[in-house]
Amino acid sequence: MTDDNALIRPPQEVLDEANVQDWEGLLATAGADPVAFWEQEAAELEWSKPWEKVLDDSQAPFYHWFTGARTNIVTNAVDRHLTTARRNKLALIWVGEDTSKVRTFSYFSLNREVEQMANILRSMGVEKGDVVTIYLPRIPEIYFAMLACAKIGAIHSVVFAGYSSEALNARIDDSESKLVITVDGSWINGSVFPMKQIVDDAVKFSPSVENVIVVRNTGTEVTMDPTRDHWYHELARLPIAQGHCETVQVDAEDPLFILYTSGSTGKPKAAVHTHGGYQVHLSSTMKNCLDIHEADRWWCTADPGWITGTSYVIYAPLIRGATAFMAEGSPVYPYPDVWWQLVERYGINGMFTAPTAIRTLMRFGDAWVTKHDTSSLRILVSAGEPLNPEAWRWFHDVVGQRRCAVIDNWWQTETGAMQVTSLPAMPKKPGSAGKPIPGQAVAVLDEEGHEVPPGTDGFLVLKNPWPSMLRTLFKEPERYVETYWSKYPGYYLTGDSARVDEDGYVWIIGRTDDVIKVSGHRIGTAEVEAAVNSHPAVAECAAIGLPHEVKGNAIHVVAVLANGYEGSRELVGDIRSHVSEHLSPIAKPEAVEFVDKLPKTRSGKIMRRVLRARALGQDEGDLSTLEND
Ligand code: WT7
């Protein structure tokens, strides 16, 4: 059991160096006037035209921030550093899965790479407002590609490099991308994952795609369609790729990117994020909450295909002028000390990862960590799912040697950046995500919308609009209003249940909708069910999330077989691989169980709640809506 009142004070050396020492003072001033707080944070960045209004709520819930201002996130992430001594500072250190492969880029050379990619995109007819799909692994080119799109005002849509061709195709089609940027293949634990082949399969059915740019990465042989596919290194030699490329100044509210995420239906939805407010929120949280310092080397292990990576791998460290570190490989390949070896070798100061990775590494034992010198670490960060107290303590005691601040933080693809966190100087409660960030306020509501007393579970909502909020769902404004703003008008509905304790600390319990967080990855039950149902042996099925020691949750599928099929071990294996191939290996079910019948309401909706309760041996609750035979 967790003791909600066990406060852990941050180590003195963290306190002494923290950007924010008086965290209570900051929360109080920002809380008293959030708009003034965000305006002050925005003033640290460059704008080619100042804003007329910080927050325009006249069309709520379509909020607008820094209206009238002109800027570009690349001006702040790259360009402005070029006129200072930072031009010769390392912007990026990259290490391959084969850790002897290292590539480094100063801000000066990063800019050259981004200009080159931007020139190439332009020459292929990419214009402001066009959507470019980026399907790349964790290699430097993912920085270049994202920044190049932003630089010319195009909208990037990064699709996680582990998605299948069907999932990629759905995202390309929905966004009507004209161009896709990919690689020949990516390295996964010593083997090649054929990304170009997946793109070939995906774009076969995507009429919008005119060009595919292929970065040579693994050297794997691929098929190139001469009318559509281009090697990046060949394009880079052409005259059109050379020379300066101006960063286009865009409206603060112009879209920067869309990012697809899972919701309650099988159709993924794309959160729309903009240049102006997003850069302010990232800059502010990177400084106040993640405590970045000028000389820091910052490693966020997330993938840019997820929001944590887009925000805290790509943009935030560059906006603050720090040195970003990126590793291509996984935490356990070739050995479970590869991360600590990299921390030691590169002197990492801030490290941001996910609870699943922490729990995985914890199981290998302390010696893999302690044989390395990890004393450069000062800030240890976790997000994506609840960090259980046991993993929190291991992160703090073993990785951090009790000298680091462990910072949990809660947020979502939709929120763009963190909303609840424990500031470095704030006393910590292991297991709690912390308190609302400066400028934010939360509430926990019951079904009717009344605030519940401290310590009571309910629906978590955000009370204040914030600069990095999604502006809408791409091409689906009604769905935006319906999903986030209609249950409790005036409040942003997070989809999570939580409680807030007597001291104002937020304890996240989990999703209340049809979303499962598996190893921190957000997966919709409907997407899994669609993949399972496409297997010929399956008549219908339901996917549910059940607790898992390492992954947080694991996907269990309960299926009814089609006529003429018999349940067998082989069939279970086959259905699991089918999901892996047709959706993604991250969505591969842990278990598949065959039943004669699924519990349904009279109107035919599958009652996943009942299946979960059955699987957990719990009371099945109110069954009055269950259909009768
Ligand atoms: C969902 C959003 C961290 C942003 C990347 C994930 C869960 C996120 C925490 C946390 C407990 C967390 C929530 C949320 N979640 N952070 N610190 N503690 N739960 O963004 O993929 O859109 O998922 O992740 O359930 O709603 P995402």
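How do the residues of the shell around the ligand divide into nonpolar, polar and charged? They comprise 6 nonpolar, 5 polar and 6 charged residues; here Ala, Val, Leu, Ile, Met, Phe, Trp, Tyr, Cys and Pro count as nonpolar, Asp, Glu, Lys and Arg as charged, and the others, Gly among them, as polar. This is a predicted model, in which local features need pLDDT of at least 70 and side-chain atom pairs count only at pLDDT 80 or more, while totals for chains, interfaces and linings use all residues. Residues are numbered from 1 along each chain as its sequence is written, and side-chain values use heavy atoms, with hydrogens and water left out.

**Confidence**

- The chain has a mean pLDDT of 96, with 99% of its residues at 70 or more; pLDDT is the predictor's confidence in each residue, from 0 to 100.
- Helices (H or I, at least four residues) and strands (E, at least two) are DSSP runs, numbered from the N terminus.

**Ligand surroundings**

- There are 17 residues around the ligand, and Asn-409, Thr-413, Asp-496, Lys-517 and Arg-522 come nearest; a residue is near a molecule if one of its heavy atoms lies within 4 Å of it.
- Polar side-chain atoms of Thr-413 and Lys-517 each lie 2.6 Å from an oxygen atom of the ligand.
- For Gln-412, a polar side-chain atom lies 2.9 Å from an oxygen atom of the ligand; a polar contact is a pair of N or O atoms within 3.5 Å.
- Of the 550 Å² of accessible area that the ligand has on its own, the protein covers 97%; accessible areas come from the Shrake-Rupley method with a 1.4 Å probe.
- Helix H11 (307-319), strand E20 (405-410) and strand E26 (506-511) are the elements that give two or more residues to the shell around the ligand.
- E20 provides the largest share of that shell, 3 residues.

**A strand pair**

- Strand E25 (residues 492-500) pairs with E26 in the antiparallel sense over 5 bridges; two strands pair if DSSP finds at least two bridges between them.
- Arg-499 has Trp-507 in E26 as its bridge partner.
- The two strands, E25 and E26, form a hairpin with 5 residues between them, and Gly-504 in the turn has a positive phi of about 85°.

**Annotated domains**

- An unreviewed UniProt entry annotates residues 27-77 as "domain: Acetyl-coenzyme A synthetase N-terminal"; this span is 39% helix and 20% strand, and its end C-alpha atoms lie 26 Å apart.
- The UniProt annotation "domain: AMP-dependent synthetase/ligase", also from an unreviewed entry, covers residues 86-466, where the chain is 30% helix and 24% strand and the end C-alpha atoms are 30 Å apart.
- In the UniProt annotation (unreviewed entry), "domain: AMP-binding enzyme C-terminal" covers residues 527-605, a span with 27% helix and 32% strand whose end C-alpha atoms lie 16 Å apart.
- UniProt positions are given in the numbering used here, feature names are shortened, and annotations may be inferred rather than shown by experiment.

**Backbone details**

- Most residues other than glycine have a negative phi, and most peptide bonds are trans.
- The Ala-60 to Pro-61 peptide bond is cis, with omega near 5°, and Pro-61 is in the loop between strand E1 (53-56) and strand E2 (64-67).
- The Tyr-333 to Pro-334 peptide bond is cis, with omega near 0°, and Pro-334 lies in the loop between strand E17 (323-327) and helix H12 (338-346).
- Gln-401, a residue other than glycine, has a positive phi near 50° and is in the loop between helix H15 (389-399) and E20.

Conventions
Polar contact = N/O pair within 3.5 Å; in protein donor to acceptor, adjacent residues only side chain to side chain.
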